[in-house]
Amino acid sequence: MTSDRPRIPVELRQARQTIDNIDAALVHILAERFRCTQAVGELKADLGLPASDPAREARQVERLRTLAEEAGLDPVFAEKFLGFIVEEVIRHHERIAAQREG
Ligand SMILES: C=C(O[C@@H]1C=C(C(=O)O)C=C[C@H]1O)C(=O)O
């Protein structure tokens, strides 16, 4: 039987398998990070601390940019990626604080 689909070379199939594994790892890592930031959000609400901590974020950005440069990853991308995640975390923390209020 013939197929119209182009033959996928083994290197491409293997590379895509690796990409799929890495994507799965990223999802698990992100789930763990959000589980942890959820606990931080509860703690901060208990302590009456604000949802965001810009000084901490600035230190994280510096650290991540350095790590990215050392790893051969675009530091601008690394900063944007962290910013995207932190923005979502702050939304969660604001929601936790709002739920405590009423
Ligand atoms: C997790 C925290 O809350 C916020 C979210 C951060 C993050 O996702 O890394 C960092 C600082 C805060 O703006 C925290 O204060 O540590």
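Here is a short tour, stop by stop.

Before you click anything, note that this is a predicted model, in which local features need pLDDT of at least 70, side-chain atom pairs count only at pLDDT 80 or more, and totals for chains, interfaces and linings use all residues. Residues are numbered from 1 along each chain as its sequence is written.

**Stop one: H1 against H3.** Select residues 10-47 for helix H1 and 75-101 for helix H3; their axes come within 9 Å and cross at roughly 40°. Helices here are DSSP runs (H or I, at least four residues), numbered from the N terminus. The axes are lines fitted to C-alpha atoms over the stretch in contact, with angles running from 0 to 180 degrees between N-to-C directions. H1 and H3 are therefore oblique to each other, oblique being what is left once angles under 35 degrees (roughly parallel), over 145 (roughly antiparallel) and 65 to 115 (roughly perpendicular) are taken out. Their crossing is right-handed, meaning that the near helix is turned clockwise from the far one by less than a right angle.

Now show side chains. From H1, pick Thr37, Gln38, Gly41, Glu42, Lys44 and Ala45; they meet Val89, His92, His93, Ile96, Ala97 and Arg100 in H3. Contact means C-beta atoms, placed from the backbone, within 7 Å. Colour this set by class and you get four nonpolar, five polar and three charged residues. Nonpolar covers Ala, Val, Leu, Ile, Met, Phe, Trp, Tyr, Cys and Pro, charged covers Asp, Glu, Lys and Arg, and the others, Gly among them, are polar.

**Stop two: H2 against H3.** On the H2 side, select Glu57, Gln60, Val61, Leu64, Arg65, Ala68 and Glu69, which meet Pro75, Ala78, Glu79, Leu82 and Val86 in H3. That contact divides into seven nonpolar, one polar and four charged residues.

**Stop three: the ligand.** Which residues are around the ligand? Select Thr37, Val40, Ser52, Asp53, Arg56, Glu57, Gln60, Val86, Val89, Ile90 and His93; near here means a C-beta atom, placed from the backbone, within 6 Å. H1, helix H2 (54-71) and H3 each give two or more residues to this shell, and the largest share, four residues, comes from H3. By class, the shell has four nonpolar, four polar and three charged residues.

**Last stop: Leu12.** Find Leu12 in H1.

Notes: Two residues are in contact if their C-beta atoms, placed from the backbone, lie within 7 Å.
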